[in-house]
Amino acid sequence: GLALGVTLFWLVLIILIPLSGLIWRSSGLGWSQFMTLALDTRTLNALRISFGTAFVAAIVNLIFGVILAWVLVRYRFPGKRVIDAMVDLPFALPTAVAGIALATLYAPNGWIGALLAPLGIKIAFTPIGIVIALIFVGLPFVVRTVQPIMEEIDKEVEEAAATLGASRFQTIRRVLLPGLLPAGLTGFALAFARGVGEYGSVIFIAGNLPYVSEIAPLLIVIRLEEFNYPAATAIAAVMLVISFAMLLVINSIQAWSRRRYVYVA
């Protein structure tokens, strides 16, 4: 009872009260004014960029995060501990430092950007640059979520599938992936949530061009600097509703997959 009480008190203090304040402030705008602010063209475009790039980055992280976790668990090679430690680098590195480093690399005069510029490929100051920044900050969530589950799957299970005539693709699809699906969805949800709210690592490489590469968190800051508090509140409320709905769907799929595909050691 004491543990439950402390948990509920902490959740109410840290999460529910701030969110309730946001909802209460939004309700004071009136429905017509709220819809006018929320359906503004610039606001909708910023929301589309934020959620779209976060979703794409989370998908990429899910695919390559599972592969990276597989390599770290199943193989031994020189420098493995260094690579394993580098996975956690986005956790410790300040997001502004990451953004400056990525912008320096992918700018038209940067090391990588200068190589791509003659091919007509522009990464920095475009949504592609935002996706790269979100991939950088979101990769550890997938790797660290999938890695412990993958370590619990005995290698003998794969060998048994091979002896029964399963191909490598069939072993991955029917033996490994079902057991990794709940953890993979958890990592995807965490990476997606981090990407939607990411600010520091994005603003330097995004260019922050309205209707091109402007993210919703930056637009909130702009509205606050303009002392346009109703607009900032409306954008934040829309982000809250969309994020909650998407995470609810992801968690529902995760719960279903955990019931449907549960790995028994």
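The model is predicted. Five salt bridges are counted in total, and three of them are described below, including the pair formed by Glu214 and Arg42. Side chains of opposite charge can pair when their charged atoms come close.

**The Glu214 and Arg42 pair**

- Glu214 and Arg42 are joined through their side chains by a salt bridge, with an N to O distance of 2.6 Å.
- This pair connects distant parts of the chain, its two members being 172 residues apart.
- Glu214 sits in the loop between helix H11 (200-206) and helix H12 (216-225), whereas Arg42 belongs to helix H3 (residues 41-74).
- Glu214 is buried, because its relative accessibility is 2% and the cut-off for burial is under 20%.
- Arg42 is buried as well, with a relative accessibility of 18%.

**The Arg144 and Asp88 pair**

- A salt bridge links Arg144 with Asp88, and their closest N and O atoms are 2.8 Å apart.
- Arg144 is located in helix H8 (residues 127-152), while Asp88 is in the loop between helix H4 (80-87) and helix H5 (89-92); the pair therefore ties together parts that are 56 residues apart in sequence.
- Arg144 has a relative accessible area of 24% and is partly exposed.
- Asp88 is likewise partly exposed, at 29% relative accessible area.

- Glu226 and Arg223 form a salt bridge in which the closest N and O atoms are 3.1 Å apart.
- Glu226 is partly exposed, at 44% relative accessibility, whereas Arg223 is buried, at 13%.
- Asp84, Asp88 and Arg144 make up one network, joined by salt bridges that share partners.

**Helix H12**

- Helix H12 is largely enclosed by the rest of the structure, because seven of its 10 residues are buried.
- The buried residues of H12 are Ala216, Pro217, Leu218, Leu219, Ile220, Ile222 and Arg223.
- Arg223, one of these buried residues, is also the salt-bridge partner of Glu226.
- Phe227 follows H12 and has a positive phi, near 60°.
- The loop between helix H11 (200-206) and helix H12 (216-225) holds Glu214, which is buried at 2% relative accessibility.

Notes:
Residues numbered from 1 in each chain as written. Predicted model: local features only at pLDDT ≥ 70, side-chain atom pairs only at ≥ 80, totals over all residues. Heavy atoms only, no water. Salt bridge = Lys/Arg side-chain N within 4 Å of Asp/Glu carboxyl O. Helix = DSSP H or I, 4+ residues; strand = E, 2+ residues; numbered from the N terminus. Buried < 20%, exposed > 50% of the residue type's maximum accessible area, 1.4 Å probe, protein only.
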